[in-house]
Amino acid sequence: MGTRHNNFAPVLRLIAAVLSLSATASAIGVNYGTLGNNLPTPATVAKFLKTKTIIESVKLFNADPDILRAFAGSGLKVTVTIPNGLIPSLTKDDEARGWINDHIAPFYPKTKINRVLVGNEIMATLDDNLISNLVPAMKAVHRALVKAGIDDVQVTTAHAMGILKVSEPPSAGQFWGYDKVIFEPMLKFLRQTKSPLMVNPYPYFSYAPSIADYALFRPNRGVHDSHTNITYYNMFDAMMDAVYSAIKAMGYADVDIVVAETGWPSAGDPNQPACTVDNAISFNGNLLKAVTSGKGTPLMPNRKFETYIFSLFNENLKPGQSNERNWGLFRPDFSAVYDVGILKNKQSRPAPRPAPVAKNKQSRPAPRPAPVAGKKSWCVPKASASDQALQANINYVCSQKGMDCRPIQAGGPCFGPNNVRSHASFVMNSFYRLNGARPFNCDFAGTGVVANSDPSKCFIFFSSLGLFVNT
């Protein structure tokens, strides 16, 4: 936290920010992915969203010119994303100006571009070159926009929840390792430019049957934060408050928080029982109520949150297990996979409403999501697992967002011994730790097992999605 010459300045800034944020209208957005060979044209997508849905904004994982042209004049807000690999070059002002001149200026303001994301989940890439250049690139892109006469487009980036070293209890939220080097200058930049911190809170990835109700906004006894004496009745609020606590601890409670991605898959493989239409309705329906109600979270009361659901369509070319292709609110023909109130002027299937918390003695509290730090367990292949099955596990894990499989590639620190079983042990354990070290996340169609001792000299240990690498 920087030196303050006026003792009242932080207080006045915080009061002004709270008043401003409490008055901010929520916006319901959607992530518009394009990994499908049967998706409708961007022009028909823009028309559909504008005329048939309450969706106000879309977030792209690129800056597709066809999509940007198609959304011209629609009034829908569009967030574009700069590819991760361009970040180091965009620290140079001339490169940043070139990117803005090529990808933003030709479409603005006819297309209502409101935000540019410099990369996606950069901290989860484990790439020091990308991480160290992230904030300088954000600053250079902002300067390029100003130079082009575009002063109402925010610049930020989206983060996986792995930015948190501590997330339980929510009041103890703390960034993982990069607080002073990365997050201090980033939050300062976001404050100066009135841009939000964007995060991807996914209760789905922490799912276990024992905490299903807590993850899905269903009635449960709650999880208690003894530091604040607050009981949380859904994981989403807890995740959001953990992020808030982390930025507040650094003196940046006035920086807005936007939900860049969240959602729930409606279908999956037989070993993915959580992926059902009913669960997707429960999560997304109650999520939308929560973020638009104005109730806020326990540590951020009276707030609405700009929120982008993942995702718009089921995308048939996404790799991995079936759930990866079933996150969409809509099928490519625009028929609803389910409707939680997104469609206009249509009787929709209502999302289950949270019931009052049961008080009878037979109701059992949802177990507190166990913190990962210090947990001595690893996910390893079963001795009976075939190389073919283990290779399939490697292919699946390495296709997931936030996973970095470069350590097992040639020249990587975990390449040797160069065999399928060793590499599978590394990636299966990485996936297990990244998703909360739950036994459910070490099943791998019956080919994985939780062990109580470190199986190799090379492993990645994830703590609340942060990481620590040992070799």
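Tutor: Happy to! Let's begin with W327, which is buried, with a relative accessible area of 2% (buried means under 20%, exposed over 50% and partly exposed in between, using a 1.4 Å probe and protein chains only). Before going further, please note that this is a predicted model, where local features need pLDDT of at least 70, side-chain atom pairs count only at pLDDT 80 or more, and totals for chains, interfaces and linings use all residues. Residues are numbered from 1 along each chain as its sequence is written, and side-chain values use heavy atoms, with hydrogens and water left out.

Now for the ring partner. A pair of aromatic rings is described by the distance of the centres and the angle of the planes. Rings of Phe, Tyr and Trp (its six-membered ring) pair if their centres lie within 6.5 Å; planes under 30 degrees apart count as stacked, over 60 as edge-to-face and the rest as tilted. The centres of the F205 and W327 rings are 6.0 Å apart with planes at 35°, so this pair is tilted. It links distant parts of the chain, 122 residues apart: F205 sits in the loop between β8 (197-200) and α7 (212-215), and W327 in the loop between β12 (307-309) and β13 (378-381). Here helices (H or I, at least four residues) and strands (E, at least two) are DSSP runs, numbered from the N terminus. F205 has 27% relative accessibility, so it counts as partly exposed.

Both rings belong to a cluster linked by ring pairs, whose members include F61, Y202, Y204, W264 and F310. The structure holds 21 aromatic pairs.
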